[in-house]
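Here is a friendly walk through some side-chain pairings, written for someone who likes to check contacts atom by atom. Please have the structure open as you read.

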Amino acid sequence: MSLPRQLRDESDFEQLPDDVPTSANIADTLEKKGFSNYYMFVIEVKTKGGGKYLIYRRYSQFYVLNAKLEERYGPESKNSPYICLLPVLPGKVYVGNKQEIAESRIPLLNVYMKKLLCLPVWVLLDEDVRIFFYQTVADRDNVPQALRRLRPPTRKVKSSTPQVPDYDRPRAEALFDFKGNSTLELTFSKGSLVYLLSRINKNWLEGTFNDVTGIFPQSFVKIIKDLPAEEVSVSWLRCYYHDVYVCEMRDIVVEEDINCKPSFKELLQLMRKEFQEEDVILNYRDTEGDMIRLMDDEDVDVMLSQSKYFPAKKNFFPWQLHVTSSADLEVYNTSS
C-alpha cells in the first residue's frame, strides 16, 4: 500500500478519480536561457490510475500555489471550514548562483510535494492543486529548442554503412539502466554501447542504440570516444548607462541568436540585473538620433524595425539600448 493511501481513509482513496496525482518527484532541472535566465523543475507525476507524465514548473509557481493553499486551508484561514496542517515550502532566495539555488531546492521541494499529496482528499481535489499537477500542452511540447534544430526528421537510424568505421565513431558505454520517460528519450541497459550524435547541453547527449535515436543524461554513461569540440557561439548586446555625471558603455553576453525578438519584460529584467538598479527606463535612438523611450512590446517592435537602417557589427545585435533612471530627462531632445 502506497504512503498516500496509508495516510487517508481507504474508502476516500478509492473514490478519487484515476487522474489524481499520488506522487511527484523532480527528475531534473531545465535552464531556460535568453534575456532572462531561469530554471524550471522537471517533475515526474504518477497518478492513482497508474499514469505517468512530466510537467515543468518554476519555483514561483510552487510559491503561488502554497500561498493560495495557506489562504484557503491554513490555520489562519477564515474562508473555508476545512483546515489542515500544510507542508512548509522552502523560502525565497534573492542572492546566489541560480543553478546552485535550483539544485539545493530539489530535496526540499520533493518533501513538500510528498507531504502535499498525503493530505486529505479535499486538498487533492482542490482546483489549484489539480491545475498545478496537470500536464498542459506546453508541458508535452516542452522540448529544448536546440534539440528541435538538431533532430533528424525520422527517429530511425539509417541502416546503411556509416561513413566512418564503428571503432572511430563517438560512443559511450552505459553505466546504468536508463528508461526514457518519453519518445524523445533513449532507453538502454547497463553495458550497452551507445553511439553519440550530438551534445544537447552540458548534461544531456543525443545518441543511437539498436537503430533508435534519442536523448539521455551524460551521467548514465562512460564516454569511450567523445564528440568533437564545438565552437560556442554567443551574441553581444551593446548598451549605454546614463547617469548624472557619465555615460558608461557595456557589452553584455546574451545566449540568443542575434535575429531573435525579445520582449519588453525580458529586456527590463536583463538591464535591472546587469546594472543592479530597479529604477531604470529603457530607451533607443531613432533614425533621427533622438532618444525614444520603450514602454511595451510594440515599442520594441518599432526599435527592431528601425535597426535595419544602422550598420551591424558581427555577433552584435543590430539594435542598442540606452538605460536611464525614470527621473532623468536630460538625455531627451526637448528643444522645440
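## A polar contact at Ser198

The side chains of Ser198 and Glu206 are joined by a polar contact of 2.8 Å in this predicted model. Ser198 belongs to strand 5, which covers residues 193–199. Is Ser198 buried or exposed? With a relative accessibility of 9%, Ser198 counts as buried.

Side chains of opposite charge can pair when their charged atoms come close. How many salt bridges does the count come to? The count is 13 salt bridges.

Arg199 is partly exposed at 28% relative accessible area, and Asp226 is partly exposed at 40%.

Another salt bridge brings together the side chains of Arg250 and Glu274, at 3.1 Å from N to O. Arg250 lies in strand 10 (residues 247–254) and Glu274 in helix 9 (residues 264–275), so this pair ties together parts 24 residues apart in sequence. Arg250 is partly exposed at 23% relative accessibility, and Glu274 is partly exposed at 27%.

## One more pair and a network

Glu44 forms a salt bridge with Lys52, where the closest N and O atoms are 3.8 Å apart. Glu44 counts as buried because its relative accessibility is 18%, under the 20% cut-off. Lys52, at 47%, counts as partly exposed.

Finally, a network of salt bridges links Lys68, Arg72, Asp126 and Asp128.

Technical notes. Residues numbered from 1 in each chain as written. Predicted model: local features only at pLDDT ≥ 70, side-chain atom pairs only at ≥ 80, totals over all residues. Heavy atoms only, no water. Helix = DSSP H or I, 4+ residues; strand = E, 2+ residues; numbered from the N terminus. Buried < 20%, exposed > 50% of the residue type's maximum accessible area, 1.4 Å probe, protein only. Polar contact = N/O pair within 3.5 Å; in protein donor to acceptor, adjacent residues only side chain to side chain. Salt bridge = Lys/Arg side-chain N within 4 Å of Asp/Glu carboxyl O.
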